[in-house]
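Subject: Structure handover and findings

Dear colleague,

Please find the structure below, together with its sequence. My notes on what was found follow directly after it, with the cut-offs given where each term comes in.

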Amino acid sequence: MTAPNLRNRYLQDSIQTASPAKLLTMLYDRLVLDLVQGEEAIRAKEIENAHEKLSHAQEILIELQVSLDVEAWSGAPGLANLYSYLITELIGANVTKDADRVAVCRGFVEPLRDAWREAAASAVAH
């Protein structure tokens with residue numbers, strides 16, 4: 001097997017065997033990565049790359065939104081609204097190629113990622 005094939009196999013195995021908490025943190029990690037790279041691509045005038053990264057970030061947010069059980073806890077409806085806001089902002093940022101709008105979205109997502117990561121680590125410890 002070639003190196004890219006081995007990497008893809010490892011990634012697939014990691015996803016298939018991950019706990020729901022681990023999958024959530026993996027999604028958030030990738031979301032942050034897409035936002036960072038999308039913002040950088042806009043600033044570097046790499047329009048196609050920026051579009052790809054921001055579109056992928058939107059797909060992740062849609063997945064997070066549709067998989068969110070709004071009945072599970074009192075904060076879920078607010079989180080669903082935040083996901084909607086972020087999707088709308090990223091669409092606008094992608095259309096207008098506005099790196100600052102992407103940075104604002106990242107400012108919301110990074111603390112969420114850190115909180116989910118902490119919650120997942122706490123759940124494993126108990």
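Is F108 buried, exposed or partly exposed? F108 counts as partly exposed, because its relative accessibility is 37%, where buried means under 20% relative accessible area, exposed means over 50%, and partly exposed lies in between (1.4 Å probe, protein chains only).

Before going further, please keep in mind that this is a predicted model, in which local features need pLDDT of at least 70 and side-chain atom pairs count only at pLDDT 80 or more, while totals for chains, interfaces and linings use all residues. Residues are numbered from 1 along each chain as its sequence is written, and side-chain values use heavy atoms, with hydrogens and water left out.

Overall fold

The protein has five helices and zero strands, and read along the sequence it follows the pattern α-α-α-α-α; helices (H or I, at least four residues) and strands (E, at least two) are DSSP runs, numbered from the N terminus. Of the 126 residues, 31% are buried. The accessible surface comes to about 7,800 Å², with 58% of it belonging to carbon and sulfur atoms, and such areas come from the Shrake-Rupley method with a 1.4 Å probe, where for residues only the protein chains shown count as cover. Among contacts (heavy atoms within 4.5 Å) between residues at least 6 apart in sequence, 59% join residues at least 24 apart.

The core

If residues up to four places away in sequence are not counted, L90 touches L35, L54, A57, Q58, L61, V102 and C105.

The aromatic pair and its patch

A search of the whole structure finds one aromatic pair, rings of Phe, Tyr and Trp (its six-membered ring) being paired if their centres lie within 6.5 Å, with planes under 30 degrees apart counted as stacked, over 60 as edge-to-face and the rest as tilted. The pair is formed by Y85 and F108 and is edge-to-face, at 5.8 Å centre to centre and with 80° between the planes. It links distant parts of the chain, since Y85 is in helix α4 (residues 76-96) and F108 is in helix α5, 23 residues apart. Y85, V104 and F108 also make a nonpolar surface patch of about 250 Å²; patches are made of residues with over 30% relative accessible area and no salt bridge, like charges being joined within 9 Å and nonpolar side chains (Val, Leu, Ile, Met, Phe, Trp, Tyr) within 5 Å. Y85 counts as partly exposed at 34% relative accessibility, and V104, which is found in helix α5 (residues 99-125), is partly exposed with a relative accessible area of 43%.

Salt bridges

Nine salt bridges are found in the whole structure, each being a side-chain nitrogen of Lys or Arg within 4 Å of a carboxyl oxygen of Asp or Glu. One of them joins E39 and R106 (3.0 Å, N to O), linking E39 in helix α2 to R106 in helix α5, 67 residues apart. E39 is buried, with a relative accessible area of 10%, and a network of salt bridges links E39, R43, D100, R106 and E110. In helix α5, R113 forms a salt bridge with D114, the closest N and O atoms being 3.0 Å apart. R113 is buried at 16% relative accessibility, whereas D114 is partly exposed at 36%. Leaving aside neighbours within four places in sequence, R113 is in contact with Y28, D29 and V32. D114 also meets R117 in a salt bridge (4.0 Å, N to O), and these two residues are separated by about one helical turn because they are three residues apart in helix α5.

Backbone points to check

Most residues other than glycine have a negative phi. K45, however, has a positive phi of about 65° although it is not a glycine, and K45 lies in the loop between α2 and α3, where it is exposed with a relative accessible area of 68%. K97 likewise has a positive phi, near 55°, and is found in the loop between α4 and α5, partly exposed with a relative accessible area of 24%.
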